Amino acid sequence: MLRLGKVSETRDTSIRLRDLLLLRGGGWLLAFLLGAVTLLSVVGLLAISGWFITAAAVAGTATAAAIGFDYFRPAALIRLCAIVRTAGRYGERLASHDTALGLLKDLRCRLFRALGKKPLQSAVSTAHYRAAKAMHRLITDIDHLDQVVLRALLPWGWSGLMVAAVMGGLYWLNSTLLWAALPGLLIAWLGLPLLAVWRGIRQARRDAEFAERRRVALLDPLAAITSLVLWGRWPDIRQRVKGEDINFLQQQERQFSLASLTTAMQQVALGSSIIGVLWQAEVLMHTGALTVPILLAAVLAILALGEILAPLASSFLALGASLAARDRLNALINADESRPSPPVTWSGAVPLTWQLEACQLTARLPGALTGPQDIHLSLKSGEILCLQGPSGCGKSTLLQVLAGELAPLSGHYWLNGQPPEHWPLLKTIGYLPQQWDVFDMSLAENLRLGDEGASDDTLWGVLNDMALGTWARGLPQGLNTPLGEYGAAVSGGQARRIALGRVLLTRRPILLLDEPLAGLDTITRHHVVDSLVRRTQKGILVISSHVPLVLPEHRTHYLPMLEEGRPGVSPLTWRHQKEACADLRARAMK
Amino acid sequence: MKVKPIMSGVTDSTDPQQLLGRCIAPHRWWLRGALLLALFSVVLLIIQSWLLATLFHHWLQLWQGTEAARYQSGVLFGLIICLVLRPLLQAGREWLSRQASQRARIALRSQLLEQLERLGPARRHLGSDGALGTQVLEQVDALDGYISRYRVQSLLAVMVPCLVAAVVAFYSPLSAGLMLATAPLVPLFMVLVGRAAASASQQQFSALARMGGRFLDLVRGMATLTRMGATAQAEDSVADASEAYRTRTMRVLKLAFLSSAVLEFFAALAIALVALYLGLGLLGLLPWAKGEVPVPYQGALFILLLAPEFYAPLRQLGADYHARAEATGAMLSLSPLLEAGTWQPQGQQPSAKVRVEPLHLACHELAVCGEGGRLRLAPLSLMLAAGERLLIQGESGVGKSSFLEALLGFSAYQGSVMVNGCELSQWPGDVWRCQLGYLGQQPPVLGGSIAENLRLACPDKTDTELIEALEWVGLWPILVRGDGLFTRLGERGQGLSGGQLQRLGLAQLLLRDAALWLFDEPTAHLDPDSAWQLNTLIGRLSRGRSVIIVSHESVGLEWVEHRRVLTSGRGIPCCG
């Protein structure tokens, strides 16, 4: 039999910052070019206008030259700049937003694929409500990722280009001017923003953490507010929330004042460039190396840089937020892959008969105080095991272990004498946990998740077996009825049976069902149990239930569990299990 | 005795702008300071432009040899002051605005938290805890942009153009006229842009919610999809939803950006026109003034330098316009919570120490009204002697929870509730609360250790007393296997099962030792087995106490002395 080695895919699925640029390289390039043209015309509009009126003043007062003064070309250039500036900005905004949306789409798909490749037990370790919160976080985190390009990378690119253009222009006019302006320009363009990034990025990355602390400080007590008010404890809570609120606001204030100060210093540095240029110009004009119109154009160009460099001061905010989002997403993708995932592809034949054996199996969910202890099992094809016991005794945890989604703390578990990782669990075990999902799709689409190629007849067969046939035939849209978000269009009992039918459609030889019949009336329950028993004649069925079930005596074993997770004392089965376990251990030793 | 309902729950729909104004009013001096700094900065800019124009005018004349060289250190010095001072003023303005915004938000949040305290269990009429939490946190923060940017900017957008136009008019009335002529177009388009942006952002938001919903739906069910081996099918669905969202958003954005592009175009065009007018004027080529120079060079340059500044505040306001829409929306969603009427017992605080005594309760024609005079609880009369236990049942919506709210002292009522011969509304609020123990569907368990949670109810109990209470509810044997009293619970009691958590809630009640225990569906989230266990346990522990338990099931509740089924008060006229 072939066992595929675990391919190290974590490297490929992690999100790196450069991916954000590379994934939609063409789109970003277009947005960058359009933005660059826009900014050139912003600077051009001011500089050419300044040059034009100064030149006009020179020409106009020397009347003889006025006739020869070509005013058409500058006038046309000024109008062109005005138009390009408008159109360019429009185009740039469209291009960048389109690209950002495309990037988000790519990221969502990629993340979805990465999450789908994760072994299941890590998904189990988060309680449901927690997961819901984490999921919400996931969506906002993805949306943060495009910020790094929109608010950090593109502005840096544009400002680099414009600073280079202005510096080139100054050098072309006179290298003395460049040297006069250079220190201020470099400080405003690189020095201060990089300083801000260095000082601020760690703070910016911690933003979400502060927000989360504040949220927890409010939401947990809010659920208990009535008792807390009765006990006179709410003022304490209010103080605590206020404290966290102030922490959060101060954390933001530190960043905003850093950004604000950086912007101010940038403007001062640009001002020093202008003063430097003016200082040098006086000397140069005496020597005739510089004309007044050109000088004015240069000064106006430097002035216009102010608006272009300003976004750099706050780029660390976007950078920090994106980095933090990336880290959280990567942590989610790469979280606890301590256990190898079962082989996905399987070339060997799946055996026809199965034997499920467990010996002294003990397991706990992370953070749980109780769980199944010392469980012994021995089942073969055609047999049914019914787990019984009060809630919290570990029935669900035991089923998770059997499904291969939770590693046991101690004890052994074999399928046909091999550890479960050996088998392609996707073809072997059909597991229906207590928290099943019905998706916001049609009834047929929901069922076909179990078997993509199932015919309508097959679907109707399953629906009939689940006592849903009459209901479904009565629906105006029949199989195409949308089930709504969280399966809102169907009742809890119906949703549960749809999920059960979906598991049956996968036709897997071992079925592990956790409370599949809760909330059903007696007649429906009998009908569904009969169908289950009939459909699993050749397989193994493990079922947990609060309510007593009518199961065929000759096929069924019962495992009562006590509250602390031990198997209940049922002398007959107990002795039987002890013997089986000794037998198993002896075999394992060999 | 008839008590007038003070809490009506009726909210006069106050204008959100008015609410915003009220919430900013105490902090207006910060904003006025910010406005002052911004105006000062504009004055400096005007001076700076004038200095630059003077300098270049001098150089031009020097260059043409019409004027002798003068040392320009005074002008340069003035320029340095302007160039240094303006950015600092801007930073100061931002700091003042942020202070105003932070203070206003902290104050508003405190107000909301106090309001929640007064509402107690009645908060459920205003939304789920998650939604209320979002209101207190995110919606309040959504006011930031309005307070710290829009408020001052909206004043600047009027003042600065007027100031600039006035200065420009001094040199060239025509240029000022040209600017002022295009100026009204700006607000016009801003409103258009604002409206387009608002509807765009709204549409985009709903589209985003839909797309996010699909994504969330599938990610949440990832375990199921993996178990089914159907992740590839689902990924296609994610891609489709994202692509649809992208197309729809781009369609909206094309329109929204177009309107702001028109605004931008007018600003650019006006600058270009002013430049051409001034340039051609200097050449003496204006058709209506051939051979004349209407604006001399110094004035022309001065105007050109100021022209972008004329439009800058308006453009900035356009960019901040969505902050106003955001704040209005947030305020609108906050107003029900902010303005909800509250009620509590009115009695005077006694000087003596509060004593817990056996309670004798008599309700006569007790009724509770909700918003719009809708009857939440139909008139109800019942008696409960000290130490008696009562089970209340009835279909949902019949007013069971409202009855408990009234008894808890969070809701105004009609009719009378006599407790030990004294009307409930005449009890001092604190004293009344000390008489009560309450356990709802979810126990008041926070993140932290078991001991911390128990001491939440009663801070001065010793470890032994805590352990005793835990033994009473049967939790101690389970906790011993963890860290005993120091066993840590996650958020909302993660680590214990639902039934175990409710038992922890019972332990809290035992420690408080109240005279009247009120239970609101304590077993609603439990499976039948645990529900039976919990109900039996409540019966065992509550012997000798007055108990009112609201529950939809009666399994395990055989110990109650009285049972009452509430029926809806149809046919009884509404109050209010």
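Helices (DSSP runs of H or I, at least four residues) and strands (runs of E, at least two) are numbered from the N terminus. This is a predicted model: local features need pLDDT of at least 70, side-chain atom pairs count only at pLDDT 80 or more, and totals for chains, interfaces and linings use all residues. Residues are numbered from 1 along each chain as its sequence is written, while chains are lettered from A and ligands numbered from 1 in the order in which they are written.

Q: In which loop of chain A does A:Glu515 lie?
A: A:Glu515 has a positive phi of about 50°, yet it is not a glycine. Most residues other than glycine have a negative phi. The loop that holds A:Glu515 runs between strand 6 (510–514) and helix 21 (522–535) of chain A.

Q: Is A:Glu515 buried or exposed?
A: A residue is buried if 20 or more other C-beta atoms lie within 10 Å of its own, exposed if 12 or fewer, and partly exposed in between, with C-beta atoms placed from the backbone. A:Glu515 has 21 other C-beta atoms within 10 Å, so it is buried.

Q: How many other C-beta atoms lie within 10 Å of A:Asp374?
A: A:Asp374 also has a positive phi of about 50° without being a glycine. Its loop joins strand 1 (355–362) and strand 2 (375–380) of chain A. A:Asp374 is partly exposed, and the number of other C-beta atoms within 10 Å is 15.

Q: What span should helix 20 of chain A have?
A: Helix 20 covers residues 492–505 of chain A, which is 14 residues. The expected span is 1.5 Å times one less than the number of residues.

Q: How many residues of helix 20 of chain A are buried?
A: The buried residues include A:Gln494, A:Arg496, A:Ile498 and A:Leu505. Helix 20 of chain A is largely enclosed by the rest of the structure, because the buried residues among its 14 number twelve.

Q: Which strands stand at the edges of the open sheet in chain B?
A: Five strands form this sheet in the order 6-9-10-3-11, with parallel pairing (strands pair if DSSP finds at least two bridges between them). Each edge strand has a single partner, so one side of each is left without a neighbour in the sheet; the edge strands are strand 6 (436–439) and strand 11 (562–565) of chain B.

Q: Which residue of strand 11 stands opposite B:Leu391?
A: Strand 3 (residues 389–393) of chain B runs parallel to strand 11 of chain B, and four bridges join them. Opposite B:Leu391 stands B:Arg563.

Q: Which helix gives the most residues to the side of chain A that touches chain B?
A: Contact (C-beta atoms, placed from the backbone, within 7 Å) links 104 residues of chain A with 113 residues of chain B. Elements that give two or more residues to the chain A side include helix 3 (25–61), helix 5 (72–116) and helix 12 (234–287) of chain A. The most, 22 residues, come from helix 5 of chain A.

Technical notes:
Contact = placed C-beta atoms within 7 Å.
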